[in-house]
Protein chains: 4
Amino acid sequence: MSSSEKPRGGTRSPTLTRARLLESGQALFAEKGLHKITTHDIAAHAGVAAGTFYNHFPDKSALFREITNEALSELTRRLDEASPSGAARRDTVRPQAEALISFAEDHREWIRILFSRESGAAAVEADVLLELANRIAETRRQSIATGEMPAEIDADVLAQALVGMWTRVVTWWAEDPNRLPRDRVIGTLTRIQLQGSHPRPEGA
Amino acid sequence: MSSSEKPRGGTRSPTLTRARLLESGQALFAEKGLHKITTHDIAAHAGVAAGTFYNHFPDKSALFREITNEALSELTRRLDEASPSGAARRDTVRPQAEALISFAEDHREWIRILFSRESGAAAVEADVLLELANRIAETRRQSIATGEMPAEIDADVLAQALVGMWTRVVTWWAEDPNRLPRDRVIGTLTRIQLQGSHPRPEGA
Amino acid sequence: MSSSEKPRGGTRSPTLTRARLLESGQALFAEKGLHKITTHDIAAHAGVAAGTFYNHFPDKSALFREITNEALSELTRRLDEASPSGAARRDTVRPQAEALISFAEDHREWIRILFSRESGAAAVEADVLLELANRIAETRRQSIATGEMPAEIDADVLAQALVGMWTRVVTWWAEDPNRLPRDRVIGTLTRIQLQGSHPRPEGA
Amino acid sequence: MSSSEKPRGGTRSPTLTRARLLESGQALFAEKGLHKITTHDIAAHAGVAAGTFYNHFPDKSALFREITNEALSELTRRLDEASPSGAARRDTVRPQAEALISFAEDHREWIRILFSRESGAAAVEADVLLELANRIAETRRQSIATGEMPAEIDADVLAQALVGMWTRVVTWWAEDPNRLPRDRVIGTLTRIQLQGSHPRPEGA
DNA sequence: GATGAATGAGTATTCATTCAT
DNA sequence: AATGAATGAATACTCATTCAT
């Protein structure tokens, strides 16, 4: 077979094709979101025919889910690594902020896919993020229980707040990392939180 | 012709029809987002024919924009009211949190439309939110300048963080206000912030 | 009733309204043709409500037909006048060309409506034009019969040819009468025809 | 699944499908004109699904343009062939009339599409026809310059006149070629023109 | 596995026409 | 007669998905 032939049949490695589709989906979803990208776009970007897409993924959302799952488990992995279960509570925040920012540095596309609005990932990320939130909240809940943190604080609200804060900041920063040195982001993120102080009521 | 025919001609008040379309759009967009709702859905929900939609709005996005504009200006109005420019800085946070939560109580649909992911409002809300963020940030910037707040804090990051935090919390809470009494949300939101304490470096 | 009120009910003379609709139709059809103009356009241009249109005309094509009929009968009238049945044949062409050109000068809009392509008048004008063609042809037919005109000439073809020629020229000229003084158009039109000479075969 | 299902997947030759769409468009446009024919009509006539149309043409007007372009270039080709640039002027008319009539015989549908009113081709044909007109006019202009043709003749008017005449005659004839033998049409067309005679002024 | 033409349900939008007021 | 909101059929175009080759 001459190598200049149009590839037909099982030419290239299927694994490679699959990988290419994944990459293409990643790049394109990051750029425009799930709904503005067609399966044809992805196939074209991957250099394969439209039908080939369906040899590797049952449908468009399956590819999307695979991407987000991979992204989320990598993120989870890094966050886990950053706060081993045995670690002292106080040490937990900075390493996690660092993990998140490093993740953003290494995978800007994933950040866009996971966290930017209209990306299509709303449902997909919810669970993982909630889990993250809850994990964070759990630490706080204990602080609250021990009186280290004021009782006015609700752990669920706190969890949502932290997730919202972190995802927004990291998305904003990943759009253009030149905005700010990473350490400054981490430094700020680390300090925005309850420090155990019992603030006087505002009006006082 | 029997009198049971569908109404033709200018039967009902146009203002009413317009209002109905607006309401229907609000309800449906809140439920499923801009992209999953068709103009036919809206017309049907409003009890009018498909074409009637276009007697009142040039296109789907115009209706959406009208809804979001109204929502945003109401939100802006409340936030402005909550923090008169002359107010002392410290007094600013709680009233704004209260304003936001009250807004959410009164307009759960608007919250979903403005802040939930995949709503279609990404671009629309950006400006207003950023403005809000910057307003908040400005207060902090001054605190930082006066040394009241540690210099490690970056005002831009802080602004993003606060916006992310607030929008996420309010969206989460508005999904089901029974989750928690509003005061608890406000209380927590009010305390999540730097209190001027200079925390010891994490490792210390 | 104050005169500044929005006219409602039988305010203005219905005859006037009808006339205005006719004028508006004329102006708009001339500009863009039947298919690109909506009944709303016409009503708006006439300064009346959309429904009013249907108080005066059963439908859009009725208005169009009325305009074309009026235009065509005026044209017919002028052409008839220009060539009274008793006139000598030779004298017939120039007066008719003059009549046509004058008609074009007085009614540029009608020219566009009747003769320009895509105006919507295709079917409408056919008959009248054909009649015109046939009347012209008849004159020629006699010339042919008497040997004044060569037998190779077919009267039907000639009729079509003259109609095609005249309508195209007049349409072209009416687009911008400054292109040429009317006499030059008439002069040329008058001379483009068989003059009774028996041309030598082409190759000779 | 029964084998009587509609064909799915790349069953038939795409070239064939494209050709069929082209033919269908041709037939239908010739019959009713661009605006009265829908893409669904064309697809149905071609025996394919509605969406298939768009696999082959970006939109309806692209198909139309393709048809008219092909028609016009074939016509141009034939006219060019009929009057090689070196030919003596006088020899030019009959061959061109012959070319036009032959073209009409071979492509009645194209004639309708190109020249009949309301076909939708107004803009498309303009250039080519004008070019044709000007080419014809140029010959005359020279005749006028040399005094071979009377100075009262305006070359631009003449060009418009010839184009109007020819297109109308050929359209009329192509509707039903049985009306007349082609030679009679050609013969007449050939003789309708200025023969160089200086006619006495009509009134004389 | 790969191909890519074909499929057809889905959707925004237009506009001639109606008729209660 | 005049109004103008309402109607709804019509239509161009998109795109996820299928399947014969």
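**Helix packing in a predicted four-chain model**

In chain D, V93(D), R94(D), A97(D), E98(D), I101(D) and E105(D) of helix α5(D) meet R182(D), V185(D), I186(D), L189(D) and T190(D) of helix α9(D), where two residues are in contact if their C-beta atoms, placed from the backbone, lie within 7 Å. By class, this contact of α5(D) with α9(D) holds 6 nonpolar, 1 polar and 4 charged residues; Ala, Val, Leu, Ile, Met, Phe, Trp, Tyr, Cys and Pro count as nonpolar, Asp, Glu, Lys and Arg as charged, and the others, Gly among them, as polar.

The model is predicted, so local features need pLDDT of at least 70 and side-chain atom pairs count only at pLDDT 80 or more, while totals for chains, interfaces and linings use all residues. Residues are numbered from 1 along each chain as its sequence is written, and chains are lettered from A and ligands numbered from 1 in the order in which they are written.

Two packed helices are described by the angle between their axes and the distance between the axes. For α5 (residues 93-106) and α9 (residues 182-191) of chain D, the angle is about 145 degrees and the axes are 9 Å apart. Here axes are lines fitted to C-alpha atoms, for helices over the stretch in contact, and angles run from 0 to 180 degrees between N-to-C directions. The crossing of α5(D) past α9(D) is right-handed; a crossing is right-handed if the near helix is turned clockwise from the far one by less than a right angle, and left-handed if anticlockwise.

Helices α4 (residues 60-82) and α6 (residues 108-115) of chain D pack at about 110 degrees, with axes 10 Å apart. α4(D) and α6(D) are therefore roughly perpendicular to each other, the label for angles of 65 to 115 degrees; those under 35 count as roughly parallel, over 145 as roughly antiparallel and the rest as oblique. On the α4(D) side the contact is made by I67(D), T68(D), A71(D) and L72(D), and on the α6(D) side by W110(D), I113(D) and L114(D). These residues comprise 6 nonpolar, 1 polar and no charged ones.

In chain C, the axes of α6 (residues 108-115) and α8 (residues 155-175) cross at roughly 135 degrees and come within 10 Å. That angle makes α6(C) oblique to α8(C). R108(C), I111(C) and F115(C) of α6(C) touch T167(C), V170(C), T171(C) and A174(C) of α8(C), a set of 4 nonpolar, 2 polar and 1 charged. The crossing of α6(C) past α8(C) is left-handed.

Helix α4 of chain C, residues 60-82, has 23 residues and spans 33 Å from its first C-alpha to its last, close to the expected 33 Å, which is 1.5 Å times one less than the number of residues. Buried positions in α4(C) are L63(C), F64(C), I67(C), T68(C), A71(C), L72(C), L75(C) and A82(C). A residue is buried if 20 or more other C-beta atoms lie within 10 Å of its own, exposed if 12 or fewer, and partly exposed in between, with C-beta atoms placed from the backbone.

Chain A has 9 helices and 0 strands; helices (H or I, at least four residues) and strands (E, at least two) are DSSP runs, numbered from the N terminus. Of its 204 residues, 43% count as buried. In α9 of chain A, V185(A), I186(A), G187(A), T188(A), L189(A) and R191(A) are buried. Their cover includes α5 and α8 of chain A together with α8 of chain B.
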